[in-house]
Amino acid sequence: SPPPAQSLMPPAWWTTAVLLASLEPWAAAQDVPGGEEAYLENCNDVMAGQLARSHIKDPLCQRRVSEVYCTRLLEVEHPRTMRSTCPLDAETLASPSYASEGHVPPAEPSATDYRAPLHVPLAVLVLAAYQRQAELIKRLVRSLWDARHSFLIHVDPNSAPHGALSDDLRSWAAADAKLAENVHVRSEVDVKRSGASLLAAELYGLAELLQLSSGWQYFLVLSDSDQLVRPPDFLQRLLSLHWGESFVNTEVLRGRPKSVAVECNERVHSVRMGGHEDGIPARPNL
């Protein structure tokens with residue numbers, strides 16, 4: 001297992017209430033007094049003193065921790081406005097979510113000709129790390145399996161015993177003619193829990209699934225401890241009725257971010273936001 005995360009205590013006067021990610025080009029940052037460059041420079045200067053007294057001795061790692069923390073703090077202090085749904089287009093308006101005669105159906109329900117729900121092809125990425133979870137992974141894939149879906153099981157190369165889980169899953173998929181068609185196993189990205197390598201594994205899986213198939217419509221990320229609590233057709237109905245919408249979580253609503261995780265030198269460091277046990281204290285004006 002990876003080494004435990006280490007804790008740092010940044011200056012307590014850096015405060016916020018809401019964490020809002022900035023992922024899209026149309027997201028516009030609120031005005032930052034003095035500009036973003038000056039804000040980040042000031043934050044990095046303060047963090048340099050804190051990190052010099054910390055357990056992190058490598059200057060490059062100190063700089064990495066400072067940059068990640070201050071960039072996240074800028075997003076927190078000056079959140080960006082984002083859309084929650086994609087703009088409507090001809091394909092969206094033609095989806096099962098809308099009546100045949102247009103975006104706004106008539107008041108009389110019996111006069112509306114609704115399209116039948118469509119099957120929504122999925123790209124399913126399962127991030128696996130533990131040999132003891134092998135049977136649960138197999139059950140998860142079988143419960144979601146459909147010939148029109150694409151499955152990729154990514155096994156952490158550090159999984160012990162080395163190669164056992166990957167070999168087991170490959171043999172299992174190859175032994176079933178149906179699974180062999182669309183269930184694939186890879187082991188490429190070393191993953192540190194809560195670190196940036198977890199995102200790297202997800203991006204690798206997304207790129208690989210795009211290479212394996214171009215027919216899927218939604219990307220689903222699961223872990224080796226996930227199991228279905230509702231039947232697969234419930235997910236199909238939900239997606240067909242909300243065709244074109246994104247379900248990516250980009251905001252912590254009314255939350256207090258407690259820490260950010262920074263990965264460097266084969267370790268994941270937890271930096272406590274504001275130095276408070278309960279996270280950033282709320283501001284009256286946020």
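Reader: By class, what does the lining of the second largest pocket have?
Author: Eleven nonpolar, six polar and six charged residues make up the lining of that pocket. Ala, Val, Leu, Ile, Met, Phe, Trp, Tyr, Cys and Pro count as nonpolar, Asp, Glu, Lys and Arg as charged, and the others, Gly among them, as polar. The model is predicted, so local features need pLDDT of at least 70 and side-chain atom pairs 80 or more, while totals for chains, interfaces and linings use all residues. Residues are numbered from 1 along each chain as its sequence is written, and side-chain values use heavy atoms, without hydrogens and water.

Reader: Which residues lie nearest the centre of the second largest pocket?
Author: Of its 23 lining residues, Ala129, Tyr130, Asp156, Val191 and Arg193 do. On a 1 Å grid over the protein atoms alone, where a 1.4 Å probe fits, a pocket is an open set with protein on both sides within 12 Å along at least five of seven lines; lining residues have an atom within 4 Å of a point.

Reader: Which element supplies the largest share of the lining?
Author: E8 does, with three residues. E5, E6, H7 and E8 each give at least two. Helices (H or I, at least four residues) and strands (E, at least two) are DSSP runs numbered from the N terminus.

Reader: Turning to the sheet, in what order do the four strands come?
Author: The order is E7-E6-E5-E8, in an open sheet with parallel pairing; pairing requires at least two DSSP bridges between two strands. Strands E7 (183-186) and E8 (218-223) form the edges, each pairing on one side only.

Reader: How many bridges join E6 and E7?
Author: Strand E6 (residues 150-155) pairs with E7 over four bridges, in the parallel sense. Leu152 has His184 in E7 as its bridge partner.
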